[in-house]
Amino acid sequence: MNNIEIDPGSGFCFGVTTAIKKAEEELQKTGILYCLGDIVHNGRECDRLKQHGLITINHEEFARLKNVKVLFRAHGEPPSTYEIAKQNNIELIDATCPVVLRLQKRIKQEYDATQPDREKQIVIYGKNGHAEVLGLVGQTEDKAIIIEHFEEVSRLDMSKDIRLYSQTTKSLEEFGRIVQYISEHIEPSATFEYHDTICRQVANRMPNIKKFASTHDLVFFVSGRKSSNGKVLYQECKQVNRNSHLIDGPDEIDPSLLRDAKDIGICGATSTPRWLMEACKERIEEMCQEFSSANISIR
């Protein structure tokens, strides 16, 4: 008998849950809504909402729209996007995550407080091109420095003041390494301040998902290919359980993996909907039942 368990801590984070709820509420009322960028980095959830009338647009398309209603997803947007919305009479449904919104305000305050006679480097630990990072850099008129990996910290000018922030979904461990390096190399004439702005709801999933993965024979990590958070969490699973497999949905489950597995775990990213993990569980149960029936018939 196979034991199949879905990780209770996996699935949408608060920000994504709120954004999707706002989209669903508007779609129920009007049947159509524009969304700037994928509402979540999960193709199957985007397809589900598309069937209900959600139209995903890019920034070029957004700039051409007028007199319509547009949803801003949890990742947030730079000030320039709000200006376009105002000019084009676009009604906004702003679903920016409160954690991201607070971070944007802190960075803007830091940038506005910069003294003209003293150079300051505002540094953001985050992924280049990520929607949230673009929104954060936009608070500094695109002057902030982005560090994507620890190895890049050495290119900072240690003779100038440094103010360090982080994308909300980055690794706490690597952020700590960056803080330590700057602390050890900053020159006495310069000042260094850092702000741990990593979302704990997301960060705490790393140790939790490692624990979950380590207690199962076989793990299916369900995530869209675009999800940065998914890539990170999947690697955490893989570290503790080499028999972890990344899948986009139930149709990607390899039945040969199930033959010798007794304890099967299903988990996912902060962008993975619960219904998709449930669908994967149902498919695994069907496959296991088919194996069981085949064995009985052979006997």
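1. Glu152 is partly exposed, at a relative accessible area of 22%; on this scale buried means under 20%, exposed over 50% and partly exposed in between, using a 1.4 Å probe and protein chains only. Its side chain meets that of Arg155 in a salt bridge, 3.7 Å from N to O. The term stands for a side-chain nitrogen of Lys or Arg within 4 Å of a carboxyl oxygen of Asp or Glu. Arg155 counts as exposed, with 51% relative accessibility.

2. A word on what you're looking at: this is a predicted model, where local features need pLDDT of at least 70 and side-chain atom pairs count only at pLDDT 80 or more, while totals for chains, interfaces and linings use all residues. Residues are numbered from 1 along each chain as its sequence is written, and side-chain values use heavy atoms, with hydrogens and water left out.

3. Now for Lys160 and Asp157. They form a salt bridge too, and the closest N and O atoms are 3.7 Å apart. Lys160 is partly exposed at 26% relative accessibility, and Asp157 is partly exposed as well, with a relative accessible area of 29%.

4. The pair Glu45 and Arg48 is worth a look. Their side chains meet in a salt bridge at 2.7 Å, N to O. Both residues lie in helix H2 (residues 43-51), three residues apart, or about one turn of the helix.

5. The structure holds 22 salt bridges in total. As background, side chains of opposite charge can pair when their charged atoms come close.

6. On charge overall, the chain has 39 positive and 45 negative side chains, and the centres of the two sets lie 2 Å apart. Lys and Arg count as positive and Asp and Glu as negative, with His and the chain ends not counted. Each charge is placed at NZ of Lys, CZ of Arg, CG of Asp or CD of Glu.

7. Two backbone spots to check by eye. Asn89 has a phi near 55°, a positive value in a residue other than glycine. Asn89 sits in the loop between helix H4 (79-87) and strand E5 (91-94), and is exposed, with a relative accessible area of 52%. Glu141 also has a phi near 55°, again positive in a residue other than glycine. You'll find Glu141 in the loop between helix H6 (131-137) and strand E7 (145-147), and at 54% relative accessibility Glu141 counts as exposed.

8. As for the fold, the chain contains eleven helices and twelve strands. These are DSSP runs numbered from the N terminus: helices are H or I with at least four residues, strands are E with at least two. The C-alpha trace spans about 85 × 50 × 25 Å along its principal axes.

9. Last, packing and surface. Of the 299 residues in the chain, 49% are buried. Among contacts (heavy atoms within 4.5 Å) with a separation of 6 or more, 70% come from residues 24 or more positions apart. The chain exposes about 15200 Å², and carbon and sulfur atoms supply 49% of that area. Accessible areas come from the Shrake-Rupley method with a 1.4 Å probe, and for residues only the protein chains shown count as cover.
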